[in-house]
Amino acid sequence: MAHRITEECTYCGACEPECPVSAITAGEMIYIIDEASCIDCIGWHNEASCVEVCPVDSIIIV
Ligand code: SF4
């Protein structure tokens with residue numbers, strides 16, 4: 001599995017510094033998760049740290 005940022009993203013940037021594996025980068029319109037790098041925060045946090053901080057709940061599991 002991995003996490004994905006949807007079109008609901010408001011480009012606030014809150015998630016980017018929270019990712020323990022630096023899988024989140026700024027795209028042109030929304031932030032993007034490198035799904036090959038995302039480890040669902042396993043071994044780091046009980047909940048995905050990006051999901052925890054997203055103010056508009058725009059991060060889903062894929
Ligand atoms: Fe990074 Fe964790 Fe979000 Fe995956 S779930 S993108 S590892 S913060």
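Cys-41 lies in the loop between strand E3 and helix H1, where helices (H or I, at least four residues) and strands (E, at least two) are DSSP runs numbered from the N terminus. The model is predicted, so local features need pLDDT of at least 70 and side-chain atom pairs count only at pLDDT 80 or more, whereas totals for chains, interfaces and linings use all residues. Residues are numbered from 1 along each chain as its sequence is written, and side-chain values use heavy atoms, with hydrogens and water left out.

Asp-40 is found in the loop between E3 (31-33) and H1 (49-53). Asp-40 has a positive phi of about 55 degrees although it is not a glycine. For Cys-41, also not a glycine, phi is positive at about 65 degrees. Cys-41 is buried, with a relative accessible area of 7%; Asp-40 counts as buried because its relative accessibility is 15%. Here buried means under 20% relative accessible area, exposed over 50%, and partly exposed in between, with a 1.4 Å probe and protein chains only.

The ligand has 13 residues around it, and Cys-19, Cys-38, Cys-41, Ser-49 and Cys-50 come nearest; a residue is near a molecule or strand if one of its heavy atoms lies within 4 Å of it. By class, this shell holds ten nonpolar, two polar and one charged residues. Ala, Val, Leu, Ile, Met, Phe, Trp, Tyr, Cys and Pro count as nonpolar, Asp, Glu, Lys and Arg as charged, and the others, Gly among them, as polar.

The space taken by the ligand is the largest cavity. A molecule sits in a cavity if more than half of its atoms lie within 2 Å of its grid points. A cavity is a set of points, on a 1 Å grid over the protein atoms alone, where a 1.4 Å probe fits but cannot get out, and lining residues have an atom within 4 Å of a point. Two cavities of 30 Å³ or more are counted, with grid points joined across faces, edges and corners and volume taken as the space filled by probe spheres set on the points.

| Cavity | Volume | Lining by class |
|---|---|---|
| Largest cavity | about 100 Å³ | eleven nonpolar, two polar, one charged |
| Second largest cavity | about 80 Å³ | ten nonpolar, three polar, no charged |

Of the 14 residues that line the largest cavity, Cys-19, Pro-20, Cys-38, Cys-41 and Cys-50 are the closest to its centre. The second largest cavity is lined by 13 residues, of which Cys-9, Cys-12, Cys-15, Cys-54 and Ser-58 are the closest to its centre.

Methods: 1 Å grid on protein atoms, 1.4 Å probe; cavity = no way out; pocket = protein on both sides within 12 Å on 5 of 7 lines; lining within 4 Å.
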